[in-house]
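Good morning. Please look at the sequence and the model on the screen.

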Amino acid sequence: MSEKTIPYKIYLEENEMPKQWYNVRADMKKKPAPLLNSATLEPMTLEELSGVFCEELAKQELDDTTAYIDIPEEIREFYRMYRPAPLVRAYCLEKKLGTPAKIYYKFEGNNTSGSHKLNSAIAQAYYAKKQGLKGVTTETGAGQWGTALSMACSYFDLDCQVYMVKCSYEQKPFRREVMRTYGAHVTPSPSSTTEVGRKILAEHPGTTGSLGCAISEAVETAVNTEGYKYVLGSVLSQVLLHQTVIGLETKAALDKYDITPDIIIGCAGGGSNLGGLISPFVGEMLRGEKDYQVIAVEPASCPSLTRGTYAYDFCDTGMVCPLAKMYTLGCDFIPSANHAGGLRYHGMSSVLSELYDQGLIEARSVEQTEVFAAAEEFARVEGILPAPESSHAIKVALDEAKKCIETGEEKTIVFGLTGTGYFDMYAYEKFHDGAMSDYIPTDEELAKYREKLPKVER
Ligand SMILES: *Cc1c(COP(=O)(O)O)cnc(C)c1O
């Protein structure tokens with residue numbers, strides 16, 4: 001197919017939207033390690049997981065064998081409000097760079113929550129409603145997940161209790177108000193409303209919080225409140241599953257024009273957007289059908305894949321969650337005040353961790369000033385104001401496209417543009433004022449947390 005015939009935006013028809021999510025674990029010969037009960041160190045059973053999570057979601061969490069899982073029609077109805085999401089050919093960026101590379105990005109910022117998180121929020125709210133729950137509790141870092149869940153809960157008429165990392169609560173009052181517009185109750189974390197919050201406050205007075213703390217508080221509240229369950233916006237295999245709608249649409253759009261990517265790039269916080277984007281492609285790799293270069297991009301200030309340890313660790317600071325085997329920096333690692341709030345998690349999805357360990361994906365870490373420089377370079381020609389998290393992927397996409405200028409290779413690059421950055425203007429302001437710094441933890445600091453990892457031999 002000649003170049004000219006590929007449009008700026010490849011849209012799928014509504015009826016081409018995926019009817020099933022794809023569970024990449026089914027095609028993995030060596031499966032991701034199971035979640036463990038932190039007391040017995042035995043794999044979590046469905047019954048144990050159902051104490052915290054909705055039952056259907058607990059089933060999805062444990063399902064390592066079903067390759068395709070039906071997307072309920074109620075969820076597809078909601079998806080239709082903002083999906084299929086476009087796959088954009090970045091013609092303007094290519095021209096500006098003067099690169100022979102062909103650059104595509106999958107844009108997930110086309111909804112009010114401003115990110116891909118809504119794809120899983122609506123699924124989790126649906127299963128909570130179906131189970132007859134009154135409400136759900138959760139944490140939010142930068143606020144995108146809390147916003148997405150608030151929207152999903154209001155749609156299904158569920159109560160939504162959000163523990164928001166304190167520094168974001170203070171830095172991003174508008175995110176908080178969007179959540180309240182959708183009826184959510186938002187509490188800054190750590191708070192004195194939970195036992196674990198009070199404990200963390202006593203041990204670390206003046207702390208500005210972390211995702212790990214907020215998770216502990218949300219779990220405690222769910223477990224102690226009748227009719228409530230806890231939901232999580234990333235890291236878990238169920239979330240990665242829901243996010244495969246991104247990769248399935250991307251693949252369908254590429255297939256329409258016989259395009260085969262060489263490089264697939266995504267930012268990685270807990271791993272859900274990247275996992276969702278790459279799953280169908282990694283599935284082909286696992287089945288020996290195709291080969292792609294897959295790159296996870298993380299902040300240098302929170303480098304779980306590039307500098308973490310592959311080990312069992314707690315998913316939260318309060319150690320109330322099960323143990324997960326993942327690339328981790330240690331559950332009480334609190335990253336410096338990086339502006340990409342959505343990437344400040346100490347661990348990484350077990351699925352992605354296992355794929356990384358098997359050498360199927362690679363990882364790079366980037367510093368935030370270079371990330372914002374890339375964001376600006378992109379925004380000025382492609383029009384979209386990207387989220388700081390998404391801009392990590394942009395940075396590496398630009399690097400790869402610039403390499404092609406030198407080598408003359410016409411590589412096809414696909415990256416995930418996970419969201420928009422309208423609530424991150426303080427961060428952009430810091431960048432423009434030259435007041436942004438890059439903090440990279442030292443080996444000694446990381447070693448301190450590594451020593452504290454739970455000793456689990458499996
Ligand atoms: C939360 C978030 C991320 C990172 O989360 P993953 O689970 O790693 O995908 C990336 N981009 C945006 C815009 C986000 O809101």
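I start with Arg287, which is partly exposed at a relative accessible area of 38%. On this scale, buried means under 20% relative accessible area, exposed means over 50%, and partly exposed is in between, with a 1.4 Å probe and protein chains only.

Before going on, a word on the source: this is a predicted model, where local features need pLDDT of at least 70, side-chain atom pairs count only at pLDDT 80 or more, and totals for chains, interfaces and linings use all residues. Residues are numbered from 1 along each chain as its sequence is written, and side-chain values use heavy atoms, leaving out hydrogens and water.

What does Arg287 meet in a salt bridge? Its partner is Asp27, at 2.9 Å from N to O. A salt bridge here is a side-chain nitrogen of Lys or Arg within 4 Å of a carboxyl oxygen of Asp or Glu. Arg287 lies in the loop between helix H13 (272-286) and strand S11 (293-299), and Asp27 in the loop between strand S2 (20-22) and H1, so the pair ties together parts that are 260 residues apart in sequence. Helices (H or I, at least four residues) and strands (E, at least two) are DSSP runs, numbered from the N terminus.

A second salt bridge joins Lys30 and Glu354, with the closest N and O atoms 3.2 Å apart. Lys30 is in the loop between S2 and H1 and Glu354 is in helix H15 (residues 350-357), 324 residues apart. Lys30 is partly exposed, at 47%, whereas Glu354 is buried, at 2%. The whole structure has 30 salt bridges. Some of them form a network, which links Glu14, Glu73, Arg76 and Arg80.

Now the rings. There are 18 aromatic pairs. Rings of Phe, Tyr and Trp (its six-membered ring) pair if their centres lie within 6.5 Å; planes under 30 degrees apart are stacked, over 60 edge-to-face, and the rest tilted. Tyr8 and Tyr91 have ring centres 4.8 Å apart and planes at 55°, so this pair is tilted. Tyr8 comes in the segment before strand S1 (9-10) and Tyr91 in helix H4 (residues 91-97), so the pair ties together parts that are 83 residues apart in sequence. Tyr91 is buried, at 19%.

Phe53 and Tyr230 are also a tilted pair, with centres 6.0 Å apart and planes at 35°. Phe53 is buried at 6% relative accessibility, and Tyr230 is buried at 2%. There is also one aromatic cluster, formed by Phe78, Tyr79, Tyr82, Tyr126, Tyr127, Tyr155 and Phe156.

Last, strand S15 (residues 412-417). How many of its residues are buried? The count is 6 of 6. Thr412, Val414 and Gly416 point one way from S15, and Ile413, Phe415 and Leu417 point the other way.

Which strands pair with S15? Strand S5 (residues 102-107) runs parallel to S15 and is joined to it by 6 bridges; two strands pair if DSSP finds at least two bridges between them. Within that pairing, Lys106 stands opposite Gly416. Strand S10 (residues 263-267) also pairs with S15 in the parallel sense, over 3 bridges. There, Ile263 stands opposite Ile413.
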